[in-house]
Amino acid sequence: MLHKRTQGLRRAGLAALAMGSVAGCMLAVGLATPASASVAGLKINEVESNGDTTDWIELYNPTGSAINMAGSILADNDNSHAFPLSGTIAAGGYAVFDVSVGTGNFGLGAPDSARLFDGASTAATLVDSTSWTTHAGTTWGRLPNGSGSFGVTGASTRGAANVPPGLIGDITGVVINEVETDADAVHGDWVELYNPTGSAIDISKAIITDSDTGHVFTVPASTTLLAGGYVAYQVDGVGGFGLGSADEVNLFQPGDITFSQGAVDSFSWGVHPVETYGRDWTDLDINGLGTWKPTSDDTYGAENDQFTPGAGSNLTGVIVNEVKTTGDDVNGDWIELRNTSGSSRTIAGAILADDNDAHALRLPSGTPALAAGAIAAFRVDDTTVPGNFGLGDADSARLFTSDTIDLDPLVSTPVSARTWTQHGRTSLGWNGSSFIETRLPTFGTANDFSSAFAPDVSWVVLNEVDSSVASSGQDFVELKNTSGVTIDISGLILSDSDNAHAYAIPASTTLAAGAECTVEVDNAAVTGVNRFGLGSEDSIRLYRAGATVGTSIPLDHHEWTAHAADPLAPGVDKTYTRTSGGLGEWAVANPSKASAC
């Protein structure tokens, strides 16, 4: 525990620089020469007293010889504290000690001191010291570096020369040039910077974030970006952050730890690219900068020259033909495409989405072309596939070209889109003029609007859930038969979010046409050893008889993050209930518990 200080989020990530020390250990920078026998000559150079990760003290060796630090200690203003030092600090080098962790650790407070002793206790000779009354907004260090008096620095420069306030480099002109958002095999998620100006720019301590400014990558000290130069940084390494399918990258001025100066450059996207996103400098935007486009290959730390127009951008005539939004325990939720044109269309890289712009599934690069008149269907809720999403009661299915960056309807227009207000009992399909309920789901084949309906257990849906037990003393789940015939529901399995929980409906149980029935899932008298309660943040899943909970695809499911409640009627029992006869959206309602199954 770091005592005598107040931690905050004011500089999240600045402690995790390219050069640093591990807990209780030391980092030395410089060339080794024969070591002296005393630490007399070393200087306390910089102090972090309010670190978000650790408190640390930096030593600097201004002499012409290496100095062995073994046998000496660091202390704060408490003589009972003694942090033992080890290792050798080279002439002109730095050593950083995380004094708040490891043997002899102590936290630095405000007011407090940092002291260096040439011996194993505070009774030894005091070599150097500094004191402060309040935590520095950055760090407390010598200005000029290594020799001046102490003051608040311009930025944390752990293991490097101190920087005065206001003298950190101005990186105006540097731009974000290329972004890998989906972790390539060599460099992970990375961000490339480019200097299109005519002069070299010191980008030391420049800050890169994603959409969460609590996620910070800091450019290493002593980094200069030459005129016309490129540099790329992996941002998802140890202590870093990953880039999402719908995310952004921001570049901030060095030392702008409060982000008060605004971003120097930014880029946002709504879906992972096939390769990377990059600026095309042969196609300038209104600001005279390269226009952002999906690339056909990445060029980590080099010029973007990989903008080959893809055939996948032409999806003329490809339509959303059919969707399955519930009840398919073979293919999950799926979207079917049909090519109504007279030419083959390359659909690899095309994007499928629902009505949420953050949900975007890109078809894999190996997806076969869609021949003229051909049909292909794709599961969209497979949780192992990046960008997966489920299709809801009232939702949409949208198709976008592979070069789409932002799915916002104000920015991009889908090639094809279908919208519905409630689930279809079978599937929903295009009949040439309307998007309506089919007679049978036909995954990857022509839509069926003529066969007789063939209701089975997939027509049974979750209809009402009470997770707070107030209405009857028991948690319950209500099922509804949305068909016009009696259905045998024997063996159907109910489970919550725990795969170890599985209740099977007894044999010889039927559910009449349009009827509802209830299972009290936490009633031991009803469910025996398979009973389970429903929590405030939980789910309920309905599986076909014989399915494997957690592995098989459920026939239906519903998730919630809090017990059903009405803020205008606190304490009054409510349930989650399906609208539109079991096919609509979930809503908070008064309990209407049916008889037992």
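## A proline in a loop

P144 lies in the loop that runs between strand 12 (140-143) and strand 13 (149-152), where strands (E, at least two residues) and helices (H or I, at least four) are DSSP runs numbered from the N terminus. The peptide bond joining L143 to P144 is cis, with omega about 0 degrees. A cis peptide bond also links A110 and P111, with omega about 5 degrees, and P111 is placed in the loop between strand 9 (91-98) and strand 10 (112-117).

## Basis of the values

This is a predicted model, in which local features need pLDDT of at least 70 and side-chain atom pairs count only at pLDDT 80 or more, whereas totals for chains, interfaces and linings use all residues. Residues are numbered from 1 along each chain as its sequence is written, and side-chain values use heavy atoms, with hydrogens and water left out.

## Overall form

The protein has one helix and 44 strands. Its radius of gyration, taken over C-alpha atoms, is 32 Å, well over the 25 Å that the globule rule (2.2 Å times the number of residues to the power 0.38) gives for 597 residues, so the protein is more spread out than a compact globule. The C-alpha trace spans about 95 × 65 × 45 Å along the principal axes.

Of the 597 residues, 49% count as buried, a class defined by a relative accessible area under 20%, with exposed meaning over 50% and partly exposed in between (1.4 Å probe, protein chains only). Among contacts (heavy atoms within 4.5 Å) between residues at least 6 apart in sequence, 63% join residues at least 24 apart.

## Nonpolar cores

A nonpolar core is a set of buried Ala, Val, Leu, Ile, Met, Phe, Trp, Tyr and Cys residues joined through side-chain atoms within 4.5 Å. The largest such core holds 31 residues, of which L193, I203 and I208 touch the most other members. At least two residues of this core come from each of strand 14 (175-184), strand 15 (188-194), strand 20 (230-234), strand 21 (247-252), strand 22 (265-269) and strand 27 (351-353).

Setting aside neighbours within four places in sequence, I203 is in contact with I171, V174, L193, V219, T223, L225, V231 and Y233. A second, separate core of 26 residues includes W459, L511, I540 and W560.

## Buried loop positions

L85 sits in the loop between strand 7 (83-84) and strand 8 (88-89), and with a relative accessibility of 5% L85 counts as buried. Beyond its neighbours within four places in sequence, the contacts of L85 include L59, F97 and L116.

G332 occupies the loop between strand 25 (318-324) and strand 26 (334-339) and, at 3% relative accessibility, is likewise counted as buried. Apart from neighbours within four places in sequence, G332 is in contact with K324, R379, D381 and I553. The C-alpha atoms of G332 and L555 are separated by 8.3 Å, although these residues are 223 apart along the chain.

Most residues other than glycine have a negative phi, and most peptide bonds are trans. S222, in the loop between strand 18 (216-218) and strand 19 (224-225), has a positive phi near 60 degrees and counts as exposed at 74% relative accessibility. S508, found in the loop between strand 38 (503-504) and strand 39 (510-511), has a positive phi near 65 degrees and counts as exposed at 73% relative accessibility.
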